[in-house]
Amino acid sequence: MFSQLIINGISSGSLYALVALAMVIIYKASEVPNFAQGEMATLSVFVAWHFVNAQFLPFYQAVAAALLFAFAVGVLFEFTVLRRAEKPSILELIVMTLGLQMFIYGIIGWKWGAEQKTFSLPIAEDSVVQLGPVVIGWLNIITIVTSLLCVLLLYLFFTHTKLGTAMRAVQMNSTAARINGIRVHRIMSLTWGLSAVIGTIAGILFAPVSPLDPQLMWDPLLKGFAAGVLGGMTSPFGAVLGGYILGIIENLFGAYISLEFKSVVAFALIVLVLWFKPSGLFSRHYERKV
Amino acid sequence: MDMKRHYYEDIQIFQKPVHVFWFVILLIGLVILPLVTRNYTMSLVNFIAINVIVTLGLNLLVGYTGQISLGHAGFVAIGAYATVLLMQHLGLNFFPALVLAGFVAAGFGFLLGLPALRLEGPYLAIATLGFGMAVTQIIGRSTFFGGRMGLKVPKINIAGITLSSDKELYIVIISITVLMAFAMRNLTRSRVGRALIAIRESDIAAETLGVNLAWYKTLSFAVSAFYAGVAGGLLAIIFGYINPSIFDFVMSILFLAMVVVGGAGAILGSILGGIVVTFLDLKLNAVTSMPLIGDLLREISTRWMSVSGLPNFRSVLFGILLILFVVFEPHGLYGIWLRIKKYWKTWPF
């Protein structure tokens, strides 16, 4: 029972980890929590659904097209909106992402209507693997493995490639990065694109267990926020760990204490963490200057 | 512009006699309005006036103090439910219930303001977002609040007269709105208002100048919530029926849109934003019946989108509006108004 709950927790936690990771990458670069993250991912999942069900593409091509589309949306938003604003304050940045969120939400509803659709991976839904006392669905295995793979690839990308290093440089200090010859705006665009792709991967993994409608990513987005805050919004490592911790705690709470208030756990955790350690569990705290 | 010779000239409510003149004209216009319009128009005006109240309060928080709230619909919900429950269970009259409901909302605003002392920018946005969602969740799960089905609002009764038509409600609502706008103008020009502006510009610098951050930040939250609470009570009256799904996240964003479109940090901006955004919102509900635009949208819908999803055009437009205003006109409609004024004042030059 207990190990079963842990496994389920890790499975939902890996989704939260991906969303939190996407959020943290943008937060570090632009200092804004991207409220449109969920809608960007939902739109891309709908595009994948459209390719499968209306254009009759094979699943993998449709997913590849959706990921490309997500990348384009991220880059385009940075290029057309964020870059045009003159020295936006944090408030203005937040309002811009909220505007994008409403815009995409409206577009999805306008194009595909409100009725629910189903989007599933090309595997048998109920096939399971028996590991001693624990039963794991194939979907969970795929989710866990994919997210681990993503985290590993991102780690290698950020530490071992020129582009990844440039992104880290921009995140640390964009002025210094520019002085050193890095095109900050271009890197920023690519960062937004990368984040949208990660969010979309989470969306595609989440879509099979949830009805596909414009609100698909609401819940994962909020949990991703919680995970990000838990780990400290400035630490990718912390965000991933925060995601897993949140998933496990949530599942244990749902099983042993109250199933009804399972969805509130995330917010209770945020409040507790912010109360005692405002900068999150795994990030260093910097004192601001005037 | 004109030279100011004394500090108090800068903080007067009416800086010039001409302002008094226009204010009197406005009041006369508000009095005449119900005499010349139909009942349906009055219901729109009531709704707009209520949104102006919320915008005034939210603008104090966002525009003057520089904090952010994505959960203001939560305060409106608290105000609405408190008004109805106080009238039903304690048998209070409408006005005491409304004022008490405002204070209940202010209490919650104070509580939300406490963590806000330690949070800033993005974290605060997430915390307030969570607050707004938690309020509707709790209301929806509790039978005392009528659960998802909601509550029926009793008819209100003032001095023996039962208010039923929109014109009668208008008298109550518009006088409260004018009163609250006036109070807000008064607050922002006072010592408190200047302290809040100092916090917006730089909270650490404000603290070194002797502004008590803890007191003023929570005060700003409480006052803002008070406005939202009073507006919630009025909203309950004109809806006649309330349930938690009215006060959703989209409502909170619409309030934020009113502040941004109108102009952050300006009373006139709140009023303009409240009027314009609410009016657009109401018009967009029936967008297909509008001439020209309706046909165009239907054409686009059948060709590329779907006709059944056309009501979502509202979100699309508001999203674009938010982005455009932040990018091109961060001071909102008030900024445009200021520029026009300046242009004509210095005209031939």
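Two residues are in contact if their C-beta atoms, placed from the backbone, lie within 7 Å. Keep that cut-off at hand for this tour of a predicted model.

**Stop 1: the last helix of the tour's first chain**

Select residues 332–345 of chain B, which form helix α15. At 1.5 Å a residue, its 14 residues should span 20 Å, and the end C-alpha atoms are 20 Å apart, so the two values agree. Now pick out B:Gly332, B:Leu333 and B:Tyr334, which are buried in α15(B). What covers them? Show α11 (249–262), α12 (267–284) and α14 (313–328) of chain B, which are among the elements that cover the buried residues of α15(B).

**Stop 2: chain B as a whole**

Along the principal axes, the C-alpha atoms of chain B fill a box of roughly 60 × 50 × 45 Å. A compact globule of 349 residues would have a radius of gyration near 20 Å; chain B has 21 Å, which agrees. Of those 349 residues, 44% count as buried. Among contacts in chain B with a separation of 6 or more, 77% come from residues 24 or more positions apart.

**Stop 3: a helix pair in chain B**

Select residues 191–201 and residues 213–239 of chain B, helices α8 and α10. Their axes are 10 Å apart and the packing angle is about 100°, which means that α8(B) is roughly perpendicular to α10(B). To see the contact itself, show side chains for B:Ala195, B:Leu196 and B:Ile199 on α8(B), then for B:Leu213, B:Tyr216, B:Lys217 and B:Ser220 on α10(B). Sorted by class, this contact has 5 nonpolar, 1 polar and 1 charged residues.

**Stop 4: where the chains meet**

Show both chains. How many residues of chain A are in contact with chain B? The contact joins 39 residues of chain A and 38 residues of chain B. On the side of chain A that touches chain B, the elements giving two or more residues are α4 (90–112), α9 (218–231) and α11 (265–276). By class, the side of chain A that touches chain B has 31 nonpolar, 4 polar and 4 charged residues.

**Stop 5: α9 of chain A**

Select α9(A) next. This helix has 14 residues and reaches 20 Å from its first C-alpha to its last, close to the 20 Å expected at 1.5 Å a residue. Is α9(A) mostly covered or mostly open? The helix is mostly covered, with 12 of its 14 residues buried. The buried residues include A:Leu221, A:Lys223, A:Phe225 and A:Val229. Within chain A they pack against α1 (2–30), α2 (37–53), α8 (184–206), α10 (236–256) and α11, and from chain B α6 (121–141) joins in. Step just past the end of α9(A) to A:Gly232, which takes a positive phi of about 90°.

**Stop 6: α11 of chain A**

Finish on α11(A). Its 12 residues should span 16 Å at 1.5 Å a residue, and the end C-alpha atoms are 17 Å apart, which agrees. Highlight the buried residues of α11(A): A:Val265, A:Ala266, A:Phe267, A:Leu269, A:Ile270 and A:Leu274. Their packing partners are α9 and α10 of chain A together with α5 (94–116) and α6 of chain B. Keep α6(B) in view, as the buried residues of α9(A) also pack against α6(B).

Conventions:
Residues are numbered from 1 along each chain as its sequence is written. Chains are lettered from A and ligands numbered from 1 in the order in which they are written. This is a predicted model: local features need pLDDT of at least 70, side-chain atom pairs count only at pLDDT 80 or more; totals for chains, interfaces and linings use all residues. Axes are lines fitted to C-alpha atoms, for helices over the stretch in contact, and angles run from 0 to 180 degrees between N-to-C directions. Helices (H or I, at least four residues) and strands (E, at least two) are DSSP runs, numbered from the N terminus. Angles under 35 degrees count as roughly parallel, over 145 as roughly antiparallel, 65 to 115 as roughly perpendicular and the rest as oblique. Ala, Val, Leu, Ile, Met, Phe, Trp, Tyr, Cys and Pro count as nonpolar, Asp, Glu, Lys and Arg as charged, and the others, Gly among them, as polar. The radius of gyration is taken over C-alpha atoms; the globule rule is 2.2 Å times the number of residues to the power 0.38. A residue is buried if 20 or more other C-beta atoms lie within 10 Å of its own, exposed if 12 or fewer, and partly exposed in between; C-beta atoms are placed from the backbone. The expected span of a helix is 1.5 Å times one less than its number of residues.
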